[in-house]
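Biologist: I would like to go through the terms used for this protein and hear what stands behind each of them.

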Amino acid sequence: MIRHLKTAKSAEERGEDDAKVRAIVEETLAEIEAQGDAKVRELSVKFDQLDRESYRLTQAEIEQAMSEVSERDLEDIKFAQTQIRNFAQHQRDSMKDVEVETMPGVILGHKNIPVNSVGCYVPGGKFPMVASAHMSVLTAKVAGVKRVVAAAPPYQGKPHPAIVTAMHLAGADEILVLGGMQAVGAMALGTETIDPVDMLVGPGNAFVAEAKRQLYGRVGIDLFAGPTETMVIADDTVDGELCATDLLGQAEHGYNSPAVLLTNSEQLAKDTMSEIERLLEILPTAETAGKSWEDYGEVIVCDTYEEMLEQADFYASEHVQVMTDRDDWFLDNMTSYGALFLGPRTNVSYGDKVIGTNHTLPTKKAGRYTGGLWVGKFIKTHTYQRITTDEASALVGEYCSRLCALEHFAGHGEQANIRVRRYGGKDVPYAGAAE
């Protein structure tokens, strides 16, 4: 039996106004496309109080920003990037080109080709998301992307030194001090001074997410991103303080970040709720985390591990922290999630910042059909084919001719027939089918 000791607000109660966001973004993107740099500057002044002749940082500005980063912070950034680069390179190395002779004279293959240009958005308003620069820029460069444009809003009136440093060390070819819709729109649509990109990646607020959604098709994107989500799956092998800490650690992302405890121990559930109330008295980000927990927090108690597994796959949470006596069982059996964090010694924050996996992950149950950002997202797998003998061309042509006739595609059929005639020496009537 499944019991909800705490439930989240319903969609109606949350008062989401997606239609209003959609309308604002649609109008804004149309204006950026029509007005270019002038509109980008207008929006930057309006939202970020930053007016510049060019929003692309010069080499001197990049060097100045890096000089403002402490040695300790610089080493920490380099450490994180080393871990992320290492894992990303292993992922890239796992992707192999293929060429195989499937029958005598017929050669099929595929090539893994990087996207030519990518725009990476790094949030930097309330929380300067330094780690997002590693996750997007660095991963794109490991994939082999030739041109990577990185954009982040100003922080306290100027480019954030650590974000700029992370972007530069990760390999960004261009760095823009631009935020929100104006950054995403400028990178995707292009302006007089910013060449458009082929793909957009990176998290952002509701307006950034909606802009990416509307631009999808004109450019590629990584994911349709929503608010950060976390689920803790736990049994009585751990305590309430650990569970509460891991839930609130992600709830602080925003006022609408779902945090769910899934357990088979009612005592642990009660202990966790008690610990959350205690921690909210001392957590510096309690105002945000507390609002998320109040409106979006859930506590679910199950009788069996099988019920826990069923609920976990139903929620398909972005981050899933598993702390049980059978963590590997969940790894082997769970099918829908963004990323798993197994055992009490690891946690979502490690994945967010430093351990090496990517923190851009599917939300809103998208883990049912896609994984998170990785080098493969920047790679296009293109097929090719070659026939090297007359006999193979004629043989394949005969089958193709008849199949085209089955579908009433005479023009397609003639592509096959002409080769059956030339390479096979058979007399096929025009627009007919090979015998």
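The questions below take the terms in turn, for a model that is predicted.

Biologist: How many helices and strands does the protein have, and what does its C-alpha trace span?

Modeller: The protein has 17 helices and 14 strands. Its C-alpha trace spans about 85 × 60 × 45 Å along the principal axes. Of the 435 residues, 50% are buried.

Biologist: Why is glutamate 318 called buried?

Modeller: Buried means under 20% relative accessible area. Glutamate 318 has 5% relative accessibility, so it counts as buried. Its place is the loop between helix H13 (305-315) and strand E12 (319-323). The unreviewed UniProt entry lists Glu318 and His319 for "active site".

Biologist: Which residues does UniProt list for "binding site", and how do you know whether they gather at one spot?

Modeller: The unreviewed UniProt entry lists Gln250, His253, Asp352 and His412. They span 163 residues in sequence, and the farthest two C-alpha atoms are 55.4 Å apart, so they do not all gather at one spot.

Biologist: What makes tyrosine 399 exposed?

Modeller: Exposed means over 50% relative accessible area. Tyrosine 399 has 51%, so it is exposed. Tyrosine 399 lies in helix H16 (residues 390-406). Together with Leu395, Leu403 and Leu406, Tyr399 makes a nonpolar surface patch of about 440 Å².

Biologist: Why is strand E4 called mostly covered?

Modeller: Strand E4 covers residues 117-121, and five of its five residues are buried. Both faces are covered: Ser117, Gly119 and Tyr121 are buried on one side, and Val118 and Cys120 on the other.

Biologist: How do you know that E4 pairs with E5?

Modeller: Two strands pair if there are at least two bridges between them. E4 and strand E5 (residues 147-152) have five bridges and run in the parallel sense, so by that cut-off they pair. Glycine 119 stands opposite valine 149 in E5. With helix H6 (residues 130-143), E4 and E5 make a right-handed β-α-β unit.

Biologist: What other strand pairs with E4, and over how many bridges?

Modeller: Strand E7 (residues 199-201) pairs with E4 in the parallel sense over three bridges. Here valine 118 stands opposite methionine 199 in E7.

Biologist: What makes strand E11 mostly covered?

Modeller: Strand E11 runs over residues 297-301, and five of its five residues are buried. Gly297, Val299 and Val301 point one way and Glu298 and Ile300 the other way, all of them buried.

Biologist: Which strands are joined to E11, and are they parallel or antiparallel to it?

Modeller: Strand E1 (residues 3-6) is joined to E11 by three bridges, and these two run antiparallel. In that pair, histidine 4 stands opposite isoleucine 300. Strand E10 (residues 259-263) pairs with E11 over five bridges in the parallel sense. There, threonine 263 has valine 301 as its bridge partner.

Note on methods
Residues numbered from 1 in each chain as written. Predicted model: local features only at pLDDT ≥ 70, side-chain atom pairs only at ≥ 80, totals over all residues. Heavy atoms only, no water. Buried < 20%, exposed > 50% of the residue type's maximum accessible area, 1.4 Å probe, protein only. Helix = DSSP H or I, 4+ residues; strand = E, 2+ residues; numbered from the N terminus. Right-handed = clockwise from strand over helix to strand, strands pointing away. Patch = residues over 30% accessible without salt bridge, like charges linked within 9 Å, V, L, I, M, F, W, Y side chains within 5 Å. Areas by Shrake-Rupley, 256 points an atom, 1.4 Å probe, with all protein chains shown as cover. Salt bridge = Lys/Arg side-chain N within 4 Å of Asp/Glu carboxyl O. UniProt positions renumbered as here; feature names shortened; annotations may be inferred.
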